[in-house]
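Dear colleague,

Please find the structure we spoke about below, with the sequence alongside. My notes on what was found in it follow directly after.

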Amino acid sequence: MADVSCVVCKSEISVESDVISGEIVECSSCGQEHEVHAVNNSISVALAPEIEETWGE
Amino acid sequence: MKQTNTDILLCVTKLREEEKRIYELLQQAGHHVQVNLDSMELPLEQGWADQYGVALIRCLSQKKALSRSTMLELSGIETINSVKAINICTNKIHQAIVFQKHNIPQPRFKVAFTADKILESFEDFGNIFVIKPPSSSWGRGIARIVGKECLDGWIAARESLDPTQQSFPVLIQEYVDKGDYDIRVVIVGRKPIVAFRRVSVDNWKTNTHLGAEVEPFAINQEIEWICSKLTEVLGEGIYGLDLFYDYQNKRYLVCEVNQNPEFSKSWKIHGVDVAAHIALYLQGKLASRTRQEVNA
C-alpha cells in the first residue's frame with residue numbers, strides 16, 4: 001500500500017502496491033478521479049482524463 | 001538469427017475492467033506487458049519500438065488510437081487493430097464507402113456535404129431517415145429525422161453551433177425497421193466469437209451505453225458470411241460488428257463496425273470470455289511472428 005496526495009484537495013489517497021499504470025483511483029474527500037502512474041515501484045497520480053469528443057468504441 | 005521479442009505494448013486511455021483483464025491474462029501467460037497511457041510519451045527514437053512484438057490499441061479517443069497506431073506501425077510494430085482498419089472504422093462515411101465497394105450489405109446511404117443536400121433525402125429515403133456525424137460513439141450525435149419539420153429543427157440547431165458547416169459532410173442512412181434491438185458480434189482475428197442482441201424498448205438507439213439490455217444470440221451462417229467478408233476487407237483484428245435485421249427484406253445489414261469493442265458488462269451475461277480470446281489471439285500473433293523469423 002502506498003499513499004499519494006489528491007491533486008485537487010491534497011487529501012491522502014491509499015493505493016494498493018500491486019496497482020498497474022492506468023488504473024483509476026478516486027479521492028474519497030473530493031471525488032476527483034486520478035490515473036495512476038506506476039514506474040519502477042514508484043507510484044504517482046495525475047488527473048484522470050476527461051471525456052473527449054471522439055471517445056468511445 | 002534476430003532475437004524475437006514477446007513484449008506487448010498496451011496503449012490505453014485508462015485501464016478499465018476490459019484492459020486490466022487482458023493485461024493480467026497476458027502477464028499470467030508469461031508476457032511482459034507495458035502499459036502506455038494517452039498521457040505518456042511514445043519514445044519512438046533509437047529503436048525503442050523494436051522491443052515490442054505487437055501493440056494492442058485500446059485508446060478511448062479515436063483520434064489518439066489513429067495517431068498512436070500510425071506512429072507505431074510506421075516504426076515497425078504490428079498494431080492490433082491495423083491503421084487501415086482503425087482509419088475505416090472510426091469514420092462512418094469511410095465505412096459506408098468501403099462496404100459499398102465490397103458489396104457488404106448495409107442500409108442505403110448518401111453523403112451530404114451541405115444542409116441543403118440533406119433536404120433532398122426525403123426523395124431518396126422517404127419521410128424518415130437517419131443523420132450520423134462521421135465520427136461518434138455510444139450513439140452521440142445520431143438523429144432520426146421524421147418529416148420536414150424535424151429536419152428544419154436539426155438544421156437550425158446545427159446552424160447555431162456550426163454556421164459555416166465545418167462539421168460536414170454527414171452520413172445519411174435509410175431508417176431500417178429493425179425492431180427494438182440490434183445485434184453486436186465480437187470478432188477476434190477472423191472469427192466471430194460471440195453475438196448478442198442489444199434490446200432497447202424505450203429508445204430507438206440500442207447502445208448499451210444508453211441502457212440497452214444484453215441477450216445472448218446464436219451466430220448463424222449469414223452472420224458468419226458477413227464477418228468473413230468484413231475481415232477480408234479490413235484485415236484480421238478485433239471488431240465489434242453491429243447488425244440490423246431488416247424485417248422488410250429479411251436479411252442482415254451492417255450498421256457499423258467498431259474498432260475497440262467494449263465488453264465489460266456484456267461478457268458476464270453471455271459468458272464468453274472476450275478478454276481471454278483477445279489474449280490468446282495476441283499470443284498467436286507473437287508465436288506466428290517467431291515462426292516467420294526462425295524460418296527467414
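Helix 1 of chain B passes helix 10 of chain B in a right-handed crossing, where right-handed means that the near helix is turned clockwise from the far one by less than a right angle, and left-handed that it is turned anticlockwise. Before going further, please keep in mind that this is a predicted model, in which local features need pLDDT of at least 70 and side-chain atom pairs count only at pLDDT 80 or more, while totals for chains, interfaces and linings use all residues. Residues are numbered from 1 along each chain as its sequence is written, chains are lettered from A and ligands numbered from 1 in the order in which they are written, and side-chain values use heavy atoms, with hydrogens and water left out.

To return to the helix pair, helix 1 (residues 17-28) and helix 10 (residues 274-295) of chain B pack at an angle of about 50 degrees, their axes being 9 Å apart; helices (H or I, at least four residues) and strands (E, at least two) are DSSP runs numbered from the N terminus, and axes are lines fitted to C-alpha atoms, for helices over the stretch in contact, with angles running from 0 to 180 degrees between N-to-C directions. The two helices of chain B are therefore oblique to each other, given that angles under 35 degrees count as roughly parallel, over 145 as roughly antiparallel, 65 to 115 as roughly perpendicular and the rest as oblique. From helix 1 of chain B the contact (heavy atoms within 4.5 Å) takes in B:Arg21, B:Ile22, B:Leu25 and B:Leu26, and from helix 10 of chain B it takes in B:Ala275, B:Ala276, B:Ile278, B:Ala279, B:Leu282 and B:Gln283.

As for the interface, 23 residues of chain B are in contact with 16 residues of chain A. The two chains bury about 1900 Å² between them, 54% of it on carbon and sulfur atoms, buried area being the accessible area (1.4 Å probe) that two parts lose on being put together, summed over both. B:Lys14, B:Leu15 and B:Arg140 supply 23% of the area that chain B buries against chain A, more than any other three residues. One salt bridge is found across this interface, a salt bridge being a side-chain nitrogen of Lys or Arg within 4 Å of a carboxyl oxygen of Asp or Glu; B:Lys20 forms a salt bridge with A:Glu23, with the closest N and O atoms 3.0 Å apart. Chain A itself has zero helices and five strands, and its C-alpha atoms fill a box of roughly 35 × 25 × 10 Å along the principal axes.

Over all chains the structure holds 19 salt bridges. In one of them B:Glu262 pairs with B:Arg16, the closest N and O atoms being 3.1 Å apart; B:Glu262 lies in the loop between strand 13 (251-258) and helix 9 (267-270) of chain B and B:Arg16 in the loop between strand 1 (7-12) and helix 1 of chain B, so the pair ties together parts that are 246 residues apart in sequence.

A cis peptide bond joins B:Ile80 and B:Asn81, with omega about 5 degrees, and B:Asn81 sits in the loop between strand 4 (78-80) and helix 3 (83-89) of chain B. The bond from B:Phe168 to B:Pro169 is cis, with omega near 5 degrees.
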